[in-house]
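Dear colleague,

Please find the structure below, handed over for your reading.

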Amino acid sequence: MKVSFSIFIASLLLLTLNNCKQKHAEETKPNVILIMTDDQGYGDLACHGNPYVKTPTLDKLYEESVRFTDFHVDPCCAPTRSALMTGCYSSRAGVWHTIGGRSLLKEGMTTIADVFKENGYETAVFGKWHLGENYPFRPMDRGFKESIVHGGGGVGQSPDYWGNDYFDDSYKHNGKFEKYEGYCNTVWFSEALKYIQKNKEKPFFCYVATNLPHAPLRVGEKYIEPYKNDLSDRLASYYGMITKLDEDIATLLQGVQELGLEENTILIFMTDNGPCPWFGGIDMDFETGYPKEGYAAGMRGGKIWGYENAHRVPFFIRWPKGNIGGGKDIDALSAHIDVMPTLIDLCQLNKPEKLDYDGQSLAPLLNEDLQNWDERTLFVHNQRVQFPVKDKEYQVLTDKWRLVKREKDELYNIKKDPGQHNDIAAKHPDVVKKLYKKYEKWWDDTSVGFDKYSQIYIGSEHENPTCLYSHDSFSRQGKRVWVLHVDRDGEYEFKVNKWRQESGKRMVENKTGDKDLPLKTAWLKVGNIEREMEITPDMQSATFTVNLKAGTSCIQACLKYREKGKRTSANCVYVNYLGESDGEISENYIPANPDDVLRKNYEQKVIAFD
């Protein structure tokens, strides 16, 4: 009996010791706050030489951080986000556009949030997601336990809540729209701070991806006023948004410091692409690619529009307890695909056995272990088409060279010519040939999934009903086409809408509500089942019921005018699984093959430098 009691006490002590060790390990795991802004260029910081904008918080962070000065992303937002989340090139992640069914992060890919979650971290995202609105593409499906995000690529876009305008809006909280008070950016940062306060005793990964300073350029007048005398209204509003952004970052960082979390928190600041030359941070001369107004830190180009200023962005990282900081520059070639492997190393996370990525950890550079860092080649391309095209605009990057595909191959020695003024391709054909071969090898490796479609699930227990947004559809002859995975056999209700349900608008109303449109019928096709219904003046949606079999299919929808052959888009379709079918599903039902719907008789228009 004494022996048994001794064994019991020893076991209890061992269990207590293990619990203490586990608790200590959790306490010593670093937290991570990753802040990414939208359409803010490398030159849109005072610490980078901008003579106009005031960014005292980010300037202070610059002084306290390690700065990667040759850090690159994709030239537009959703692709960058997919690469950041997966450590893979955006092409491999299935994202090469911002709309049209090509901004959905490929199902089954492991995200950085998945890895943190599996390692015992709390995970959250605030602000802009832009990698899918429906299951299995939502933040909550991709490793984030907590999410407060707007819809689509910006506040007020079609997947966003009707009437959102940056102030006192409704955003998706874990998949459901809820009302929030205040300016959008302040909501993201204040909710992030509340989340950190709630989880201060646990390790957390907090991703704050603001929509600022992406257009539309809306912010309180007091932030715009200081810039009005020196700049156009557009640039004054743009810099006003950055000032507001800087203010909200200050509030978050002060809160983290007051909680005693600053020392053991890895803080990263970066942006998703260069400044937008059409309605954003630079007024660019499209003949030359150099700014007429705004500041580009001596670089050429802008968002989407090729060259260095499309994809070179700031990247600051600070971790006091890990001895990362002190205002140092690292000029090694690096990219968004490196963030995931870097954080896995710094946080000593267990890496999933089958996880592969294109990036490499920056930890050796941060630890000044230069022997474990080799010269590398990176690739940037801009597709923005439904089916990617080889040799469409791209850049091949090395420490020394930039091969830029425009109307022809251009080559720049980026060390001697950082502004890309002198094309020396004709002088170095051997370099052009060598870099192009690398591009071909990269294309062959990453293009294997370009013929695939990301399928939105309907009838799933994870999301039902489902709202299909035009943002994530393909367009064919005035019809909207969604590629779907029907999760289970049964009866489905489809509501074809011109406007979002929460708008309360009738189908025949125009957007401003001051006149009725001459709409005649609503049309729906699911697989080979085709239905049509007359639109009455008081109708808000046209409702169809269809029995479906599980599997891949397409739905098509449009609204037809009284004028023969004239159509307009169905901006959203609400799909609800009603249950098992009362009768047998028709043996005549044939699910649609996406290629038959989307590729047959379709000629893709490829616009260079779009």
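A nonpolar core is taken here as a set of buried Ala, Val, Leu, Ile, Met, Phe, Trp, Tyr and Cys residues joined through side-chain atoms within 4.5 Å. Buried means under 20% relative accessible area, exposed over 50%, and partly exposed in between (1.4 Å probe, protein chains only). The model is a predicted one, in which local features need pLDDT of at least 70 and side-chain atom pairs count only at pLDDT 80 or more, while totals for chains, interfaces and linings use all residues. Residues are numbered from 1 along each chain as its sequence is written, and side-chain values use heavy atoms, leaving out hydrogens and water.

The largest nonpolar core has 51 residues, of which Phe68, Phe116, Phe205, Tyr207, Ile266, Ile317 and Leu343 touch the most other members. Helix α9 (residues 339-346) supplies the largest share of this core, five residues. Helices (H or I, at least four residues) and strands (E, at least two) are DSSP runs, numbered from the N terminus. A second, separate core of 48 residues includes Ile35, Val155, Tyr195 and Tyr238. Leaving aside residues up to four places away in sequence, Ile317 has contacts (heavy atoms within 4.5 Å) with residues including Phe68, Ile266, Ile324 and Leu366.

Helix α2 (residues 56-64) has Thr57, Leu58, Leu61 and Tyr62 as buried residues. Seen down the axis of α2, these fall within an arc of 140° (taken from the directions from the helix axis to the C-beta atoms), so they line one face of the helix. They pack against β2 (66-68), α7 (233-258), β9 (265-271) and β13 (315-318). The face of α2 turned away from the buried side carries the exposed residues Pro56, Lys60 and Glu63.

Helix α7 also meets helix α5 (residues 184-198): their axes come within 9 Å and cross at roughly 10°. Axes are lines fitted to C-alpha atoms, for helices over the stretch in contact, and angles run from 0 to 180 degrees between N-to-C directions. The two helices α5 and α7 are therefore roughly parallel to each other, a term for angles under 35 degrees. Among the residues making the contact are Phe189 and Leu193 of α5 and Leu245 and Leu252 of α7.

Lastly, four strands form an open sheet in the order β16-β17-β18-β19, with antiparallel pairing. Two strands pair if DSSP finds at least two bridges between them. The edge strands, β16 (378-381) and β19 (409-413), each pair on one side only. Five bridges join β18 (residues 401-405) to β19, and Arg402 has Tyr412 in β19 as its bridge partner.

Yours sincerely

Technical notes: Angles under 35 degrees count as roughly parallel, over 145 as roughly antiparallel, 65 to 115 as roughly perpendicular and the rest as oblique.
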